[in-house]
Amino acid sequence: MLICPVCKSEYQEGFKTCSDCKCDLIEIPDVIVKSKPLKVGKIIQFLIGILIILYSPILSYHFTSNYFIGSYDPDRYLWMLKAFHSSFLLAGSIICLPSLIYWWKRMRRK
Ligand SMILES: [Zn+2]
């Protein structure tokens with residue numbers, strides 16, 4: 001697609017200058033004009049966040065078990081398990097949040 005850099009008017013193929021501004025038209029790819037493709041990075045970031053949230057029980061169990069090799073104290077074990085679990089939930093949410101905000105803003109713009 002051809003576009004005037006000054007007044008942003010759109011022109012069909014074949015035109016070389018803007019009829020209003022008399023300046024040279026610039027070529028821009030159609031992909032940008034039609035719709036911005038979903039950012040892959042945002043999707044990956046979101047998926048990592050969701051995975052951390054989903055696997056937080058397993059992850060926290062794994063981390064707590066590693067931490068308590070040798071000694072075992074049920075109270076401290078449970079406390080560590082909960083601490084790890086909330087940390088993973090928090091981390092997952094923080095990772096997800098920017099993508100959710102980005103998509104929310106995108107939806108509102110349309
Ligand atoms: Zn123009």
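Analyst: Here's the helix packing, with the rest of the chain around it.

A word on the ground rules: this is a predicted model, in which local features need pLDDT of at least 70, side-chain atom pairs count only at pLDDT 80 or more, and totals for chains, interfaces and linings use all residues. Residues are numbered from 1 along each chain as its sequence is written.

The chain has four helices and three strands, where helices (H or I, at least four residues) and strands (E, at least two) are DSSP runs numbered from the N terminus. Reading from the N terminus, the order is β-β-β-α-α-α-α.

Now the helices. Two packed helices are described by the angle between their axes and the distance between the axes. The axes are lines fitted to C-alpha atoms, for helices over the stretch in contact, and the angles run from 0 to 180 degrees between N-to-C directions.

Take α2 (residues 40-54) and α4 (residues 74-109): they pack at about 155°, with axes 8 Å apart. That makes the two helices, α2 and α4, roughly antiparallel; angles under 35 degrees count as roughly parallel, over 145 as roughly antiparallel, 65 to 115 as roughly perpendicular and the rest as oblique. The crossing of α2 and α4 is left-handed, meaning that the near helix is turned anticlockwise from the far one by less than a right angle, with clockwise giving right-handed. On the α2 side, the residues making contact include Phe46, Ile50 and Ile53, and on the α4 side Phe88, Ile95 and Tyr102 are among them. Contact here is C-beta atoms, placed from the backbone, within 7 Å. The residues of this α2 and α4 contact split into twelve nonpolar, five polar and one charged.

The residues of the α3 and α4 contact come to eleven nonpolar, five polar and no charged.

What about the strands? They form an open sheet of three in the order β2-β1-β3, with antiparallel pairing. Strands β2 and β3 sit at the edges with a single partner strand each, so one side of each has no neighbour in the sheet. Two bridges join β1 to β3, and at least two DSSP bridges is what it takes for strands to pair. Leucine 2 has glutamate 27 of β3 as its bridge partner.

Lysine 8, in the loop between β1 (2-3) and β2 (10-11), has a positive phi near 65°. Lysine 22, in the loop between β2 and β3 (26-27), has a positive phi too, of about 60°. Lysine 8 counts as exposed because it has 8 C-beta neighbours inside 10 Å, and lysine 22 is exposed with 9. Buried takes 20 or more other C-beta atoms within 10 Å, exposed 12 or fewer, and partly exposed is in between, with C-beta atoms placed from the backbone. Of the 110 residues in the chain, 6% count as buried.

Terms used: Contact = placed C-beta atoms within 7 Å. Nonpolar A, V, L, I, M, F, W, Y, C, P; charged D, E, K, R; others polar.
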